[in-house]
Amino acid sequence: MALSLPSLLILLTTLLVTTEATTFIHSRAAYYPNSDEHGTDVGACGFGSFGATINGGDVSAASDLYRNGVGCGDCYQVRCTNSHYCSDKGVTVVITDQGSGPNTDFILSRRAFGRMAQTKDAAASLLALGVVDIEYRRVSCSYPNKNITIKIDENSNYPYYLAFVLWYQQGDKDITAVQLCETQNFVCKLLDRSYGAVWTTTSPPSGPLSLRMLLSGEDGDESWIVPVNNIPENWKAGETYDTGVQIDI
């Protein structure tokens with residue numbers, strides 16, 4: 001049966017959107033020369049040691065994709081283009097740091113750099129090259145059986161200063177704003193992005209605190225997500241708190 005003109009237009013639009021979503025961007029990648037397989041635990045995103053081992057250590061620093069910290073926690077599929085050494089799948093990395101090299105968008109952990117290769121021998125050859133041509137695209141992050149988790153920064157000082165980062169955010173949207181709300185009177189305070197993925201406030205609201213996170217997509221879509229669990233009234237520096245929610249992918 002022949003398709004009607006409206007049906008053809010819808011099909012064409014769908015194909016164009018799908019093609020755009022799967023398009024790879026060409027660039028170059030290097031790796032941390034001093035990394036012990038994993039990433040760095042002093043990355044510019046503020047993740048600490050978590051930033052070196054998340055995603056099994058398949059992590060990366062980024063230059064422009066860091067986006068003043070908004071890009072922290074984003075996931076990218078990165079694959080090198082030398083067919084003699086490189087696999088079609090490449091590796092999925094999480095942005096945990098800021099950095100740049102000669103015309104590079106990514107500085108991968110040593111582990112992630114080698115995982116772009118087809119075999120261990122090919123990985124050794126890639127590592128010997130140091131910098132390789134790649135193509136990349138943004139993909140959804142996935143953390144099965146994990147909820148978004150709040151990690152209170154060690155420099156926080158109850159009840160005068162609160163700083164934290166958010167771990168295990170699934171999906172392909174950015175957290176562009178965070179609010180803290182008192183659970184009794186619902187007075188909310190907009191937090192500052194101190195650097196990287198670190199959200200801070202002086203004189204935080206009192207009592208148990210409800211968190212609100214604004215998720216923003218590349219298509220302009222925005223939505224607020226409110227965790228099930230609150231930050232306890234007597235929160236402590238260095239502690240982690242499970243929000244009880246996760247983003248569907």
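## Residue classes and basis of the model

Ala, Val, Leu, Ile, Met, Phe, Trp, Tyr, Cys and Pro count here as nonpolar, Asp, Glu, Lys and Arg as charged, and the others, Gly among them, as polar. The structure is a predicted model, in which local features need pLDDT of at least 70 and side-chain atom pairs count only at pLDDT 80 or more, while totals for chains, interfaces and linings use all residues. Residues are numbered from 1 along each chain as its sequence is written, and side-chain values use heavy atoms, with hydrogens and water left out.

## Cavities

A cavity is a set of points, on a 1 Å grid over the protein atoms alone, where a 1.4 Å probe fits but cannot get out; its lining residues have an atom within 4 Å of a point. Grid points are joined across faces, edges and corners, and a volume is the space filled by probe spheres set on the points. The model has 2 cavities of 30 Å³ or more. Two or more lining residues come from each of β8 (161-167) and β9 (174-182), strands being DSSP runs of E of at least two residues and helices runs of H or I of at least four, numbered from the N terminus. This lining comprises 13 nonpolar, 3 polar and 4 charged residues.

The second largest cavity has a volume of about 30 Å³. Its lining consists of G73, D74, C75, R138, C141, Q169, Q170, G171 and K173, which divide into 2 nonpolar, 4 polar and 3 charged.

## Disulfides

There are 4 disulfides, each a pair of cysteine sulfur atoms within 2.5 Å. Counted along the chain, the bonded cysteines follow the pattern 1-2, 3-6, 4-5, 7-8. C45 and C72 are joined with their sulfur atoms 2.1 Å apart; the torsion about this S-S bond is about -90°, so the disulfide is left-handed. C45 lies in the loop between β1 (25-31) and α2 (50-53), and C72 in the loop between β2 (59-62) and β3 (75-80), 27 residues apart. C45 is buried (under 20% relative accessible area; exposed is over 50%, partly exposed in between, with a 1.4 Å probe and protein chains only), at 0%, and C72 is buried at 9%.

C75 is bonded to C141 at an S to S distance of 2.0 Å, and this link is right-handed, with 115° about the S-S bond. Strand β3 holds C75, whereas C141 is in the loop between β6 (132-139) and β7 (149-152), 66 residues apart. Both C75 and C141 are buried. The disulfide of C181 and C188 is right-handed at 105°; C181 is buried at 4%, while C188 is partly exposed at 37%.

Definitions and conventions
1 Å grid on protein atoms, 1.4 Å probe; cavity = no way out; pocket = protein on both sides within 12 Å on 5 of 7 lines; lining within 4 Å.
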